[in-house]
Amino acid sequence: MKSVCKWIVGNCSNLALEILRVSVRKFKRIYGNTFDIIICCNNLNPSLLSNINVEIYQQNIKDSLLQFDFNPSELGSREGSVWKFCPPRLRNNCHELWLDNDIIFDKPLPSIDKWLESNKTIISKGIHGVYGMYQHQVKEKVCAGLFGIPPDLDMSEEIKKHAFNIFHHGWDEQGLTAK
């Protein structure tokens with residue numbers, strides 16, 4: 001079975017959709033034989049993605065295990081990162097890579113190849129380190145824009161174990177991923 005690579009996209013600009021198209025196209029060219037490619041969309045008409053020619057998964061906030069004191073459907077694309085865990089996983093029995101639409105591959109990454117041979121998570125290095133309520137628990141600067149999960153890691157259990165509060169902002173989701 002192939003691994004999964006998913007992008008999450010919501011209400012965003014035409015430029016962001018074009019960047020997503022480039023990101024998917026380049027990733028497909030490099031890793032198309034290794035990954036099934038899926039775009040998870042929310043608050044966006046899926047027909048806007050029809051020319052990308054990959055599987056589309058329509059997200060529903062009811063599939064999230066997280067609790068919010070705001071309506072994620074009303075967030076802009078910058079604050080709308082709470083959708084990463086909706087659902088917690090697409091497939092439990094394979095590696096699953098999550099990419100933000102602004103991550104664009106020009107060549108294979110040795111770290112991805114190494115991760116595919118492991119039973120570990122992978123996360124990209126970060127610059128700013130904004131983690132919401134988890135700010136003081138994340139020790140190094142990482143970015144959830146590239147995050148990968150090994151087979152059989154039960155993300156539902158991980159969320160239940162670590163999501164100890166109601167989310168107040170989209171950055172809380174970044175912190176939970178980094179944690």
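Ground rules. The model is predicted, so local features need pLDDT of at least 70 and side-chain atom pairs pLDDT 80 or more, while totals for chains, interfaces and linings use all residues. Residues are numbered from 1 along each chain as its sequence is written, and side-chain values use heavy atoms, with hydrogens and water left out.

Start with the overall picture. The protein has four helices and six strands. Helices here are DSSP runs of H or I with at least four residues, strands are runs of E with at least two, and both are numbered from the N terminus. From that end, the order is β-α-β-β-β-α-β-β-α-α. Of the 179 residues, 45% count as buried. Buried means under 20% relative accessible area, exposed means over 50%, and partly exposed is in between, with a 1.4 Å probe and protein chains only. The accessible surface comes to about 9400 Å², and 49% of that belongs to carbon and sulfur atoms. Those areas come from the Shrake-Rupley method with a 1.4 Å probe; for residues, only the protein chains shown count as cover. Now contacts, meaning heavy atoms within 4.5 Å. Take those between residues at least 6 apart in sequence: 71% join residues at least 24 apart.

Next, the strands. Two strands pair if DSSP finds at least two bridges between them. Strand β1, residues 3-9, runs parallel to β4, with four bridges. Strand β2 covers residues 35-41, and six of its seven residues are buried.

How are the faces of β4 covered? In a regular strand the side chains alternate between the two faces of the sheet. In β4, residues 96-99, Glu96 and Trp98 are buried on one side, and Leu97 and Leu99 are buried on the other. The charged end of Lys6 sits over the Trp98 ring, 4.4 Å from its centre. The rule for that is NZ of Lys or CZ of Arg within 6 Å of the ring centre and within 35 degrees of the ring normal.

On to the aromatics. There are seven aromatic pairs. Rings of Phe, Tyr and Trp (its six-membered ring) pair if their centres lie within 6.5 Å; planes under 30 degrees apart are stacked, over 60 edge-to-face, the rest tilted. Trp7 and Phe27 are edge-to-face, 5.5 Å centre to centre, with 85° between the planes. That pair links distant parts of the chain: Trp7 is in β1 and Phe27 is in helix α1, residues 14-31, 20 residues apart. Trp7 is buried at 0%, and Phe27 is buried at 0%. Phe27 also pairs with Tyr31, tilted, at 5.1 Å and 35°. Both lie in α1, four residues apart, about one turn of the helix. Tyr31 is buried at 3%. Ring pairs link Trp7, Phe27, Tyr31, Phe35 and Phe105 into a cluster.

Last, the cysteines. How many disulfides are there? A disulfide is a covalent bond between the sulfur atoms of two cysteines. The cut-off here is a pair of cysteine sulfur atoms within 2.5 Å. By this rule the count is zero. For Cys40, the nearest cysteine sulfur belongs to Cys41, 8.0 Å away. Cys40 is buried, at 0% relative accessible area. Cys12 is buried as well, at 18%.
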